[in-house]
Amino acid sequence: MSECPCRVLDSKKLSFEDCCDPFLKGTKKAPTAEALMRSRYAAYVVKNVDYIDQTQINEKHEVFNKEEALKWAESSEWMGLEIKSTVKGGPQDATGQVEFVAHYKDKASGTELKHHETSLFHKQDGAWKFREGTIHGAQPVKRLEPKLGRNDPCSCGSGKKFKKCHGA
């Protein structure tokens, strides 16, 4: 891969190897919240969901769904990243905020979409981590599989009705 998917500098294109790849490989830490956000975008492009998981703070009751993240990464053609604004998030800061738009195309339908989000970042043990995000103008989610009714057989293959198995 030549040009870095995060397109860190529009006037001087950096290679993936000189930009986000060292962060994804763990040989360098992102120096700013924006650099971490850019590297997380690049991780979706190259389908490195382990990096996405490693660079976020999960609450005890939260679990990152790697399978769903990989499904989204694989079903999307990533077209570019646009940084709208940053607040704090520098090397000396403890928190930061990045507003961005990730442009992508759904491979199945060919529809061009935008993921517009404001993300909050915190430093944890000297490393930037994604904390939470607010999605702007969220688009309705389209199911890839048909919805199971309460009385349909459960998709796990138990033979029970959905309402008595995973729908309980």
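Predicted model: local features only at pLDDT ≥ 70, side-chain atom pairs only at ≥ 80, totals over all residues.

Biologist: Fine. How many helices and strands does the protein chain have?

Modeller: Four helices and four strands, in the order α-α-α-α-β-β-β-β from the N terminus. These are DSSP runs numbered from the N terminus: helices are H or I with at least four residues, strands E with at least two.

Biologist: And what share of the residues is buried?

Modeller: Of the 168 residues, 33% are buried. Buried means under 20% relative accessible area, exposed over 50%, and partly exposed in between, with a 1.4 Å probe and protein chains only.

Biologist: How many aromatic pairs are there?

Modeller: The structure holds seven. In the pair of Tyr44 and Trp72, the ring centres are 5.2 Å apart and the planes are at 65°, so the pair is edge-to-face. Tyr44 is in helix 2 (residues 33–45) and Trp72 in helix 4 (residues 66–74), 28 residues apart.

Biologist: What are the cut-offs for a pair?

Modeller: Rings of Phe, Tyr and Trp (its six-membered ring) pair if their centres lie within 6.5 Å; planes under 30 degrees apart count as stacked, over 60 as edge-to-face and the rest as tilted.

Biologist: Tyr44: buried or exposed?

Modeller: Tyr44 is buried at 16% relative accessibility, while Trp72 is partly exposed at 27%. Phe121 and Phe130 also make an edge-to-face pair, because their planes are at 70°, with centres 5.9 Å apart. Phe121 is buried at 1%, and Phe130 is buried at 13%.

Biologist: Which residues form the aromatic cluster?

Modeller: Tyr41, Tyr44, Trp72, Trp78 and Tyr104 form one cluster.

Biologist: Switching to Thr118. Where does Thr118 lie?

Modeller: Thr118 is in strand 3 (residues 112–124), and is buried with a relative accessible area of 13%.

Biologist: What does the side chain of Thr118 make a polar contact with?

Modeller: The side chain of His136, at 2.6 Å. A polar contact is a pair of N or O atoms within 3.5 Å; within protein, one must be able to donate a hydrogen and the other to accept it, and residues adjacent in sequence count only if both atoms are side-chain atoms.

Biologist: Which residues have a positive phi without being glycine?

Modeller: Lys47 has phi near 65°, and Asp125 has phi near 55°. Lys47 sits in the loop between helix 2 and helix 3 and is partly exposed at 35%. Asp125 sits in the loop between strand 3 and strand 4 and is exposed at 76%.

Biologist: Last one: what volume has the second largest pocket?

Modeller: About 220 Å³. Of its 13 lining residues, the closest to the centre are Phe23, Lys29, Tyr51, Thr55 and Ala127. Strand 4 gives the most to the lining, with three residues.

Biologist: And how are the pocket and its volume defined?

Modeller: On a 1 Å grid over the protein atoms alone, a pocket is an open set of points where a 1.4 Å probe fits, with protein on both sides within 12 Å along at least five of seven lines; lining residues have an atom within 4 Å of a point. Grid points are joined across faces, edges and corners, and the volume is the space filled by probe spheres set on the points.

How values were computed:
Residues numbered from 1 in each chain as written. Heavy atoms only, no water.
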